[in-house]
Amino acid sequence: MTEPIRASIESSLTTGDWYAASTQMRRLLLASPNAATAHFILRCFEVEALRSTCTDVRVVFLRSFTLEPAMPLLRAAAVLNGLRLSVQLSDFNTYSQEVLDPGSRMYKFDPEVVILAIQAQDLVPELWYRYAELDAAAVDEKVEAAEAILAELIRAFRHYHRAHLIVHNLEIPSVAASGILDAQSDAGQAQAIRRINHAMVKIANQTPGVYVLDYDALVSRYGRLHWRDEQKWLSARMPISAGCLGYLAAEYVRFLIPLAGRTCKALVVDLDNTLWGGLIGEDGLSGIQLGPEYPGAAFLNLQRAILDLYRRGIILAICSKNNAGDALEALENHPHMLLRPHHFAAMRINWNDKAQNLREIATELNIGIGALGFLDDSPEEREQVGRQLPEVCVIDLPKDPMGFSTALRECPAFERLSLSAEDLQRSGYYAGERQRKGLAEQAPSLEEFYRSLDICVEIGPVDADSLKRVAQLTQKTNQFNLTTRRYTEQQITELLHLADWYVYYLRAADKFGDNGIVGVAMTRKVGENMEIDNLLLSCRVVGRSIETAFLAHLAQEALQQGFHLLRGWFVTTRKNAVSKNFYSSHGFHPVSTQPNGETLWEFDLSKGQIHCPEWIRCSVPIQCLR
Amino acid sequence: MSALDLEARVYSIVAELFNVRIDNLMPESSPKTIESWDSTGHLDLVLALEQEFGVQFSPDQMDQMMNLNTIVEILAAMKPVGR
């Protein structure tokens, strides 16, 4: 009976114990995933304190089957992950009209996410119902026709609207029309549907903001025969059994979280009984459980899952109650340890309160508390963190360590829908940053530190490869940003067509790794002067004199083009105090101040020079150096 | 599981699903007396009961399940899973 849990949730809500209420709601939905539970949870979230923490998302379902019963479960699962959904369901099988008619009900709803939930029996009925009548050529023809329909739908959708589009791939029948014979030929029914699915991935990849939901894999994960309810399909066009609706809802949430930007950037892990079995301080290096054999295999499995997240660009950090020396020895020297110190961007190995440690980690990494995920085997630590820092995503682990890796892999907060080259290297940059800080503390002077880093920068005019990242930097950088003027890819492309504008990217690397493109400068000719419209650096590399190298490059370019005066704008914002003295510290003089507070600075290139710091190697393609 | 338990679980689901007070429910309660028990609500109810009791109703049973008394009778005959 779920009655006592509901009563307990209601009393937690009345006393304002949001942590207890939301934890219990999660458990209730897991134990009893049905519409009654879902409606109960949705009513609980009408409390203002919970409601206000959520992001609103408008979703449209274009579908060829009954999806209504999944909607309450979806809305409940979403709200437990901080998303309040407004949902519009299309009529059955009207997806072509909805997509192709710019005045359709879907476009009027102006959705942020559209989900195309289709089945093979509706998209290509011949392949599903009359497969046995088709010869190989006819099968090819049907496959190509289906691919053409999908390509046209996706093209038209992107032409009319900018919402994200998630497309279900097609489910394979549990028993093929020709039985075991089906697997004996390339023109088999299952193979034909897989070909359409394969083509769907290609089409989606060619169109920005279009993603594939691997519905066939979802169905097989839970079992085709268990998933499908033939009676409901034949009587109510509802193909999914009651027990599996919750799994579909959960899969949608995995897409909605990254689309709504509610993902975690970093994972903070405990050590004892999480990364390995036992206590390093008591059991010692040879006593802890970690390795290919049971029981250490469970912990090795969890480390593999964590390493997979690291490779997805998730930053790793440690928060453990231990003596740092003991813990580091294990991380450095244990023969089966997969995660080594160089994987971690921050470490808090001490006896302090974990919530305080997490706050410090967020500050050190320069990310919000809400971007942290927390992995700890101890329910007490999880509860303490969950109560003190409700924004942190606390991962609920089972008691048995053999279930740890699955629990982490299923956590939707680490889902990503695409990975840029920068994403792939991010976790490495941050981990390198911890080592840089260690070096800075040891170095006798700042200059010694700079020298020991072995920095090189590559500065070049923006090109097709760097355009996306350059635009992204102008949009996202707040701190070292002289004017905080934002530009889209489109606007930068337009500026480049004008003869008097120059846009430069800066890429930086040092002995701890390649930081990628981390700087942008934009200059324009204004009469007799070269004017710096903006110069910015990612906070990742601020404080290493790279900005001076960038400015020296701009000065040199200006001289080569025959300019003697280099001018630059500074616009104060709430966040760019760190760049306030940039021009004055490089020998610029103030020229004028606009009524709106913007200041113009000037450097006379005929009277002085701006030198690139001698410890920075400049303008060499970075690939050659590494 | 006693018949009383089964009835209590059915009533609790109906009350939650259709947002009505459990005290107002009677064996005769039906789509005629509960406003949100429309055709979509009926499918929600059938699936919620299937999930809760681990059973699967036939299309004929779904057509018959139009008041709480019949629902409890049909479920009792199916020997649902207890909790």
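Analyst: A polar contact is a pair of N or O atoms within 3.5 Å, where, within protein, one atom must be able to donate a hydrogen and the other to accept it. In this predicted model, that rule finds 8 residue pairs in polar contact across the interface of chain B and chain A, with both residues of each pair at pLDDT 80 or more. On the chain B side, helix 1 (3-18), helix 2 (39-53) and helix 3 (59-64) each supply at least two residues of the surface that touches chain A, and helix 2 gives the most, with 9 residues. The residues on that side divide into 10 nonpolar, 6 polar and 6 charged.

User: What makes the pair Arg43(A) and Glu16(B) a salt bridge?

Analyst: The N to O distance between their side chains is 2.6 Å, and the rule asks for a side-chain nitrogen of Lys or Arg within 4 Å of a carboxyl oxygen of Asp or Glu, so the pair qualifies. The rule finds 3 salt bridges across the interface of chain B and chain A, while the count over all chains comes to 41.

User: How many residues are in contact on each side, and how much area do chain B and chain A bury between them?

Analyst: 22 residues of chain B are in contact with 25 residues of chain A, and the two chains bury about 2,000 Å² between them, 59% of it on carbon and sulfur atoms. Glu16(B), Leu47(B) and Gln51(B) supply 31% of the area that chain B buries against chain A, more than any other three residues.

User: Why is Asn197(A) called buried, and why is Asn301(A) called partly exposed?

Analyst: Asn197(A) has a relative accessibility of 9%, and buried means under 20%, so Asn197(A) counts as buried. Asn197(A) lies in helix 11 (residues 189-206) of chain A and touches Asn169(A) and Leu170(A), not counting residues up to four places away in sequence. Asn301(A), in helix 17 (residues 296-311) of chain A, has a relative accessibility of 35%; exposed would need over 50% and buried under 20%, so Asn301(A) counts as partly exposed.

User: How do you know that Arg9(B) and Glu52(B) form a salt bridge, and what does the pair tie together?

Analyst: The side chains of Arg9(B) and Glu52(B) meet at 3.3 Å, N to O, and the limit is 4 Å, so the pair counts as a salt bridge. Arg9(B) lies in helix 1 of chain B and Glu52(B) in helix 2 of chain B, so the pair ties together parts that are 43 residues apart in sequence. Arg9(B) is buried, and so is Glu52(B).

User: Which other salt bridge has both residues buried, and what is the distance?

Analyst: Asp514(A) and Arg507(A) are both buried, and the closest N and O atoms of their salt bridge are 2.5 Å apart.

User: Which residues touch the most other members of the largest nonpolar core?

Analyst: Of the 84 residues in that core, Leu67(A), Val10(B) and Leu49(B) touch the most other members, and helix 15 (residues 245-259) of chain A gives the most to the core, with 9 residues. Among the residues that Leu49(B) touches, not counting those up to four places away in sequence, are Val10(B), Ile13(B) and Phe57(B). A second, separate core of 40 residues includes Tyr504(A), Leu506(A), Leu535(A) and Phe582(A).

Definitions and conventions. Residues are numbered from 1 along each chain as its sequence is written. Chains are lettered from A and ligands numbered from 1 in the order in which they are written. This is a predicted model: local features need pLDDT of at least 70, side-chain atom pairs count only at pLDDT 80 or more; totals for chains, interfaces and linings use all residues. Side-chain values use heavy atoms; hydrogens and water are left out. Contact means heavy atoms within 4.5 Å. Buried area is the accessible area (1.4 Å probe) that two parts lose on being put together, summed over both. A polar contact is a pair of N or O atoms within 3.5 Å; within protein, one must be able to donate a hydrogen and the other to accept it, and residues adjacent in sequence count only if both atoms are side-chain atoms. Helices (H or I, at least four residues) and strands (E, at least two) are DSSP runs, numbered from the N terminus. Ala, Val, Leu, Ile, Met, Phe, Trp, Tyr, Cys and Pro count as nonpolar, Asp, Glu, Lys and Arg as charged, and the others, Gly among them, as polar. A nonpolar core is a set of buried Ala, Val, Leu, Ile, Met, Phe, Trp, Tyr and Cys residues joined through side-chain atoms within 4.5 Å. Buried means under 20% relative accessible area, exposed over 50%, partly exposed in between (1.4 Å probe, protein chains only).
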